[in-house]
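Grab a pencil and work through the exercises below with the model open beside you. Each one sets a task, then walks through a solution step by step.

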Amino acid sequence: MTYLVLARKWRPRSFDTLVGQDHVVRALTHALDTQRLHHAWLFTGTRGVGKTTLSRILAKSLNCETGITSKPCGVCRACTEIDAGRFVDYLELDAASNRGVEEMTQLLEQAVYAPGAGRFKVYMIDEVHMLTGHAFNAMLKTLEEPPPHVKFILATTDPQKIPVTVLSRCLQFNLKQMPADSIVGHLQAVLGHEEVAFEVPALRLIGQAAQGSMRDALSLTDQAIAYSAGNMTEDAVRGMLGTIDQRHLVRLLDALSTGDAKGVLAVADELAVRGLSYAGALADLAVLLSRVAIEQRVTGVTPAEDPLAADIARLALGLHPDAVQLFYSVAVHSRGELTLAPDEYAGFIMACLRMLALNGDAGPQTALEAPAAPARQTAEPAEAVTASAPAADAPMAAAPVATAAAPAISPAAAPASEVPAVASTPAPTAVASPAAAGAASAVSASPSSPAGNVDAAAPAPQAAASASAGGVPPWEDLPEESTASANQADPASAESLTSAPATTVAAQSAAVSSANGSAANGSPANGLPAADSPAADSPSPQSPPASSSPAADAAAAKTAGSAALAVTPAVAAVLATAPADADGPPSWVDEEIPFEAEGGFVPDGGFTSDPDDDDFETLASAPSVAPAAPAARREAPAPSRKRSSRARLADMTPATWPELAARLPVTGLAAELAKQSEWAGVQGDAIILRVAVKTLAESESRVRLQTVLCEHFGQGIRLDVEVGITGEATAHAVAKAERAARQQAAEDAVAVDPFVQALLADFGGQVVPGSIRHVDPPAAA
């Protein structure tokens, strides 16, 4: 007798033996028991879940000789012939090979005839989604209102391809994929009847490989019986399926949890030796990680009979939950990256190494500890800053009365090695005494100092102002005599300061740091007498003599502090003088900085006014309380503050409008409106233009042109556009006339050109009319 495969031999014969589709069985049995029978059913689901089996059982229930029942007898003629596939009134049609409208038309023509042997004619159309659109349209009417003796059963794996007009005419049942446990239980029953030895883990492997298809599970069982010679062990089934031993994955997780890269490589090499799929390894690893995560959340959920139950429980306790989630995410995403890798081995190795690299705080620490040397190096600057802190702790305003003129500070008082340490601490905002200010000035002027060539790197302007007052708080105004003394200072020194180029920030910082360092080592700024400092006994010969009075010292310190911020001599003059009215607004409130002052460069010849700068007021022309000597030679009559914008509007005439309209910054219709209009006059703050085209007068571009004119004249104006005949006073007409003149000039030049005349005379040539083109002048920049 011919061997019958298990999938056909153990096909369910009744609803009771159908596995895994209880929701469909319940609906069909109730409909059969109550005789509420629909004329069309649609079964959807993946391969091997029971669509054809349900169709045959339903056909037997409809045509069983015992009557319409949910429990066909299985022994009558109709039942046996349907099981054997030779019942005349049960027709199975494969839509993949009979998909045309001709086959569907032939089937529908036969459907009108009464059944020959059974109660109903049952048409089972498998893979119905393969039918063409014309075939679906041909069966719509019959499917909606079939003869009373016709029943349609449609089956498909892709219901999305079926027209909604067909779906609406059928009862649709979605068959689920078989759970692995249901497959294992059914296989145990089948193998028990077949008297084949088996192991439950082997059946579980088959159930997982079947992916919810009972027919695939029975086919794999047939293959496993032949592979294992009738003894279905786990190792035999695993070797047949080529699946990965879960123990390899457990070892891989152990290596990942401990950061053992060598162990990870060893597992990868074992998989390569066995010829296993790395894509399958990543998929199984993701499944194992999901089981570990579930075990972490719900302890004891893994069945005790599961061979991996102990390992899963151990991994759930040893792995950090974040590490499990991280490993799962990498495993899932790395499966898609295997196709981009040079080979699967490299892709799998990189996925595992990515897990090790990303596993930081979530799991064990796999990164190397940072060396201790950088920590010690970073501690040294902190100690230097701490050592320089006493210099900043000195009181800002508590200083003794100024002593005699401070001598120059020798370079030994402020060694260059201490400059970075002192510079790391903010310098005091006030100098304690005029002597300290003089000392700082001497340090900055000394050639032997590290920053001796930087004149502008003296104490900050706030410190100079405090020193000039001799105890006056920095927020108070200077006395008038101090201001006068400052204005009467040496003009040569002020001129040299204002004409010196701007120093860099680094040089300024170095000078200030050296000054602060000298003050910290015992200078008068710390409150010590000038005689107690080592430099007081032996003044440096290179240092200039100190000022003879505190007022002179204050003026020098103030000039030196202002030089660090000066960009022009005029600015230096303004900064060197204090405003007479402290409560009034600053002098620069109403001033307009000229564009030419950008960058702070002023030629040695002084400031020269530009005729185009009538609307601007520069700092050179600004009045000052007591102008400095360098600024005196730049005296010039101050120009008018601002030209009246209303006067400029009043100066507009029809003759000047074309030139203005041609250079206004507008485009599109606004530019056409300006160029094709002529000046009609001004009425108050309203400008009246006249255009010949009504469309331009009524367009929205009028608002844009009004805005540009407001900006040009510097006042709020209103634009009125009237429609009328325009003459030659439009920018368009002027430009046209200029082009005509240039064209005529070009033609006249060609007519009198000697070379052209020679060509006409010697060769009988002629100038083609319209071939001469004038050259437009280059546009103004």
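A salt bridge here is a side-chain nitrogen of Lys or Arg within 4 Å of a carboxyl oxygen of Asp or Glu. Before you start, note that this is a predicted model, where local features need pLDDT of at least 70, side-chain atom pairs count only at pLDDT 80 or more, and totals for chains, interfaces and linings use all residues. Residues are numbered from 1 along each chain as its sequence is written, and side-chain values use heavy atoms, with hydrogens and water left out.

**Exercise 1. Find the salt-bridge partner of Glu 81 and describe the setting of the pair.**

Step 1. Glu 81 pairs with Arg 77, and their closest N and O atoms are 3.1 Å apart.

Step 2. (Helices are DSSP runs of H or I with at least four residues, strands are runs of E with at least two, and both are numbered from the N terminus.) An α-helix has 3.6 residues a turn, so residues three or four places apart point the same way.

Step 3. Check the cover. Buried means under 20% relative accessible area, exposed over 50%, and partly exposed in between (1.4 Å probe, protein chains only). Glu 81 counts as buried because its relative accessibility is 12%, whereas Arg 77 is exposed at 52%.

Step 4. Look at the rest of the helix. The buried residues of α4 (residues 77-84) are Ala 78, Cys 79, Glu 81 and Ile 82. These buried residues pack against α3 (51-63) and β2 (90-94), where contact means heavy atoms within 4.5 Å. After α4 comes Gly 85, with a positive phi near 80 degrees.

**Exercise 2. Work out which strands the salt bridge between Arg 690 and Glu 678 joins.**

Step 1. The two side chains meet at 2.6 Å, N to O.

Step 2. Arg 690 belongs to strand β9 (residues 686-691) and Glu 678 to strand β8 (residues 677-683), so the bridge ties together parts 12 residues apart in sequence.

Step 3. Arg 690 is partly exposed at 22% relative accessibility, while Glu 678, at 9%, is buried.

**Exercise 3. Classify the aromatic pairs Phe 43 with Phe 173 and Tyr 278 with Tyr 345.**

Step 1. Rings of Phe, Tyr and Trp (its six-membered ring) pair if their centres lie within 6.5 Å; planes under 30 degrees apart are stacked, over 60 edge-to-face, and the rest tilted. The count is 5 aromatic pairs.

Step 2. Phe 43 and Phe 173 are tilted, at 6.0 Å centre to centre and 50 degrees between the planes. The pair links strand β1 (residues 40-44) with strand β5 (residues 171-174), its members being 130 residues apart. Both Phe 43 and Phe 173 are buried.

Step 3. Tyr 278 and Tyr 345 are edge-to-face, at 6.0 Å and 70 degrees. Tyr 278 lies in helix α14 and Tyr 345 in helix α17 (residues 344-358), so the pair joins parts 67 residues apart in sequence.

Step 4. Ring pairs link Tyr 278, Tyr 345 and Phe 348 into a cluster.
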